[in-house]
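Please look at the sequence and the model together, and keep both in view while reading. The paragraphs below go from strands to helices and then to the packing of side chains.

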Amino acid sequence: MLLIKNGMIHDMIRKEPYEADLLINGSKIEAIGRDLSAEGIAEVIDADGLDVRPGFVDAHSHLGLDLYGIGYEGNDYNEMTNAVCPELRGIDSFNPMDKAVPMAAAGGVTCVATGPGSANVLGGTFFAVKTFGVRVDDMVVRDPVAMKCAFGENPKRVYKDKSVSARMTVAARLREMLYKTREYDAKIETADGDISKMPAFNMQLEALLPVIRGELPLKAHAHQANDILTAIRIAKEFDVKLTLEHCTEGHLIADDLAKEGYMCAVGPTLTHATKWELQNKSWITPGILAEKGCHVSIITDAPVIPEYHLPLCAALAVKAGMDEWEALKAITINPAEHLGIADRVGTLEAGKDADILLMNGSPLAVETEIRAVFINGKRVK
């Protein structure tokens, strides 16, 4: 057991911090309170003068699947031979030995969602994983967390000479797969366990069954406002769950997004507008969406932005007008809720994973140092 004493607790449940002790038992937080007894505790850390915060969470990255700068041999996050490949699983490409993984942990990012890129109309499943370990099976928080789909320029560019060259084609291919899956599911239900009446096994449709049954959201890559609204249109048409990823032009339709109520993951913003659909990229986007009442996470899309710059992205959003509390939520509890793992991470509470940061100031200040990082109760920095 480990006792962290005298720290200023920022639990991300209440706005105001408070001085207290935090007891870790194995991989979990056992208790938070004043004057917890150190008797029988294996290790005691005096955090006097330090902030105690939950580890940061990134709702959208490709960490461990794209070893930046290595080229083809390091790129395992896009299948480039088929525009539709929902059967793929991001976990099968994840490399815990990617140097960016421990760098993320050292920067305070203790849990990320990672998975396929945006080359495909349907690219496969994302999963949530801790940023410490040598075997991905032991690092997983939840697999899967979402089914990746993509709208806009990326599938158009990658498959323009093969099967997709317009936005309406992207939408049509997604609809086609959802229609087929709905029919496949109906046949399974009608068979009622009779193998002779079951439809022929189809791995792609099997992968989409949790989506059509409302058990797994579509994770929709959409930058332009029209692409965002197309994703919503299709989600409503098939009554499936949806999260909106990137939302570059979200501030242009903020009232609509607030009314619709889908969770928004905003970013990566710390980059150039490298393609047409990013022309309206701005740091004001997360703040405007949050002010309108949207559920907002800030993302890196790593390695587009290195994971350890996640709190910097939140700070730049604040500089552009975002409320500080909302910005802190956008890198802790909001992404945890976005991914459906808020029972494990995102706040400091008894029973949750002991993913804990000790810092000498606010993560929104560039001069702040992270003095210690714990993941599942184990000190990794």
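Strand E1 (residues 2–9) and strand E2 (residues 18–25) pair in the antiparallel sense over six bridges, where two strands are said to pair if DSSP finds at least two bridges between them, and where strands (E, at least two residues) and helices (H or I, at least four residues) are DSSP runs numbered from the N terminus. This is a predicted model, in which local features need pLDDT of at least 70 and side-chain atom pairs count only at pLDDT 80 or more, while totals for chains, interfaces and linings use all residues. Residues are numbered from 1 along each chain as its sequence is written, and side-chain values use heavy atoms, with hydrogens and water left out.

The hairpin of E2 and E3 has two residues between the strands, and in it glycine 26 takes a positive phi near 65°.

Further along, eight strands form an open sheet with mixed pairing, in the order E6-E7-E8-E9-E10-E11-E12-E13. Strand E6 (56–61) and strand E13 (296–298) stand at the edges with a single partner strand each, so one side of each is left without a neighbour in the sheet. Neighbouring strands of this sheet are turned by 25° against each other on average, direction ignored, with the strand axes taken as lines fitted to C-alpha atoms and angles running from 0 to 180 degrees between N-to-C directions. Inside the sheet, strand E7 (residues 109–114) and strand E8 (residues 122–130) run antiparallel and are joined by four bridges, and threonine 114 has phenylalanine 127 in E8 as its bridge partner.

The rings of phenylalanine 94 and phenylalanine 127 have centres 5.7 Å apart and planes at 85°, so the pair is edge-to-face. It links distant parts of the chain, because phenylalanine 94 lies in the loop between E6 and helix H1 (100–106) and phenylalanine 127 in strand E8, 33 residues apart. Phenylalanine 127, at 0% relative accessibility, counts as buried, where buried means under 20% relative accessible area, exposed over 50% and partly exposed in between (1.4 Å probe, protein chains only).

Helix H5 (residues 203–212) is mostly covered, with seven of its 10 residues buried, among them Leu205, Leu208 and Ile212. What covers these buried residues includes E8, strand E9 (140–150), helix H4 (167–191), strand E10 (218–222) and helix H6 (225–238), with contact meaning heavy atoms within 4.5 Å. Just after H5, glycine 214 takes a positive phi of about 80°.

The largest nonpolar core has 85 residues, and those with the most contacts inside it are Leu122, Leu242, Leu244, Leu257 and Ile298; such a core is a set of buried Ala, Val, Leu, Ile, Met, Phe, Trp, Tyr and Cys residues joined through side-chain atoms within 4.5 Å. Apart from it lies another core, of 17 residues, including Ile4, Ile24, Ile29 and Leu348.

Definitions and conventions
Rings of Phe, Tyr and Trp (its six-membered ring) pair if their centres lie within 6.5 Å; planes under 30 degrees apart count as stacked, over 60 as edge-to-face and the rest as tilted.
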